[in-house]
Amino acid sequence: MLIKSVANLGRSGLSYIAGAGRAGSLLFGALKPAGRGLKLLPLLIKQLYIVGVQSLIIIVVSGLFIGMVLSLQGYTILVGYGAEQSLGQMVALSLLRELGPVVSALLFAGRAGSALTAEIGLMKATEQLSSLEMMAIDPLHQIVAPRFWAGVISLPLLAAIFSAVGIMGGHLVGVDWLGVDTGAFWSVMQASVEWQEDVVNGAIKSVIFAIVVTWIALHKGYDAVPTSEGISKATTSTVVQSSLAILGLDFVLTALMFG
Amino acid sequence: MNSKKIELLVGSFLLAGIAAILMLGLKVADSQMGGNSQSYELTAKFDNVGGLKVRSAIKVGGVVVGRVSSISLDSDFSPKVTMEIDSNFNQFPDSSSVAILTSGLLGEQFIGLTPGFVDEETEILTDGGVIEDTRSAMVLEDLIGQFLYGNSDD
């Protein structure tokens with residue numbers, strides 16, 4: 001009984017390490033230069049459309065509402081100190097440093113990451129990947145690499161759009177509805193937001209999240225058990241694992257950058 | 001969906017992302033938002049501007065009439081504040097006074113402009129005019145210092 005449970009632990013540990021190894025070789029194989037970079041450009045553009053453009057609506061809408069809520073909540077707290085003109089600073093800093101990169105990465109994992117996993121998992125189940133290999137086309141270059149680069153390019157841009165739209169939403173509620181002075185809103189914001197400290201660090205965060213989310217999604221799809229149940233499990237674990245990875249990494253990155 | 005349309009949409013997505021980054025960048029530098037109305041400039045010298053910032057408001061009785069356009073140090077090391085006043089408010093006499101005030105205990109500092117009296121010797125301030133009667137920002141540390149060590153000159 002005891003030996004059996006130790007053996008179970010060892011088996012799951014080994015399969016975890018083997019999975020990590022497969023994920024590493026997947027990324028390495030996809031990023032290895034294949035000498036046909038320009039031929040893959042149309043594939044990259046198609047994936048940018050699926051991964052980036054189609055995620056735009058959810059990013060813009062949630063960015064707008066999160067900015068508006070931040071502004072409304074911040075106003076009710078700050079007005080108690082007579083400091084409601086610091087609203088711009090609060091909205092801009094919380095969006096640029098935390099909410100922009102983190103929330104857009106979470107939405108991206110739900111919207112684009114799950115779709116990537118399901119697509120690649122179904123390709124595996126219907127043996128399209130094997131057919132590509134039969135035709136001497138490396139599926140890592142043909143399928144995985146364009147999707148990886150599309151994710152890495154899209155998410156930082158989506159995070160920047162999220163923050164910009166959120167600040168607009170905060171301005172809409174704070175200035176146009178609650179009556180904070182518009183000059184104070186922008187001037188306090190400009191005095192407190194630093195390009196290097198806030199904007200660039202937020203962008204670095206979203207690049208790291210983009211690599212992690214896309215990598216997890218591609219690995220889960222490529223590694224899925226090729227049945228309908230296996231694909232559904234892979235899709236679920238993409239969303240769960242990338243959300244946990246985003247939140248955990250965000251703490252580490254914040255401690256390194258602002259700690 | 002043909003590939004031409006996809007390329008177009010991807011291109012506009014990339015442009016939107018770059019525009020968002022530019023907007024975030026310009027927020028850090030000084031962006032000029034909504035400054036297209038006519039205005040004229042007045043200057044005033046203070047002893048101490050405290051926490052006054054460029055683009056702080058200039059108010060007459062609580063109504064915003066303009067913004068601070070620049071803060072610099074004059075040749076005699078006294079801070080010189082340049083104010084952009086909306087041209088709709090162009091009837092201030094040169095006997096007017098300005099003071100640096102704070103909104104609330106922790107709030108932003110702004111310039112309070114008090115219009116002065118009008119008689120035959122006063123003139124209306126125009127572009128480039130100077131307001132002589134100024135009152136500096138209240139600096140809490142100075143007040144505490146005066147309170148603690150007294151002011152033997154008085």
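**Reading the model**

Analyst: Helix α1 of chain A is hardly covered, with one buried residue among its 30 residues. Buried means that 20 or more other C-beta atoms, placed from the backbone, lie within 10 Å of the residue's own; exposed means 12 or fewer, and partly exposed lies in between. Helices (H or I, at least four residues) and strands (E, at least two) are DSSP runs numbered from the N terminus. This is a predicted model, where local features need pLDDT of at least 70, side-chain atom pairs count only at pLDDT 80 or more, and totals for chains, interfaces and linings use all residues. Residues are numbered from 1 along each chain as its sequence is written, while chains are lettered from A and ligands numbered from 1 in the order in which they are written.

User: What is the average pLDDT of chain A?

Analyst: pLDDT is the predictor's confidence in each residue, from 0 to 100. In chain A, 98% of the residues score at least 70. The chain A average is 90.

User: Which element of chain A has the highest mean pLDDT?

Analyst: The lowest mean among the elements of chain A is 82, for helix α7 (residues 182–192). The highest is 94, and it belongs to helix α3 (residues 56–78) of chain A.

User: How far apart are the end C-alpha atoms of helix α1 of chain A?

Analyst: The expected span is 1.5 Å times one less than the number of residues. Helix α1 of chain A (residues 2–31) has 30 residues, so it should span 44 Å. The model agrees: its end C-alpha atoms are apart by 44 Å.

User: How many helices does chain A have?

Analyst: From the N terminus on, the elements run α-α-α-α-α-α-α-α-α. Chain A has zero strands. Its helices number nine.

User: Is A:F65 buried or partly exposed?

Analyst: A:F65 is found in helix α3 of chain A. The C-alpha atoms of A:F65 and A:G169 are 6.7 Å apart, although 104 residues separate them along the chain. A:F65 has 13 C-beta neighbours inside 10 Å, so it counts as partly exposed.

User: Which residues is A:V60 in contact with, leaving aside its neighbours within four places in sequence?

Analyst: A:V60 is found in helix α3 of chain A. With 19 other C-beta atoms within 10 Å, A:V60 is partly exposed. Contact means that two C-beta atoms, placed from the backbone, lie within 7 Å. Beyond those sequence neighbours, A:V60 is in contact with A:I161 and A:V165.

User: At what angle do helices α6 and α8 of chain A cross?

Analyst: Axes are lines fitted to C-alpha atoms, for helices over the stretch in contact, and angles run from 0 to 180 degrees between N-to-C directions. The axes of α6 (residues 139–177) and α8 (residues 195–222) of chain A come within 8 Å. They cross at roughly 145°.

User: How many residues of the contact of α6(A) with α8(A) are nonpolar?

Analyst: Ala, Val, Leu, Ile, Met, Phe, Trp, Tyr, Cys and Pro count as nonpolar, Asp, Glu, Lys and Arg as charged, and the others, Gly among them, as polar. Three residues of this contact are polar and one is charged. The nonpolar ones number 14.

User: Which element of chain B gives the most to the side that touches chain A?

Analyst: The contact takes 31 residues from chain B and 32 residues from chain A. On the chain B side, α1 (3–28) and β3 (63–73) are the elements that give two or more residues. With 16 residues, the one that gives the most is α1(B).
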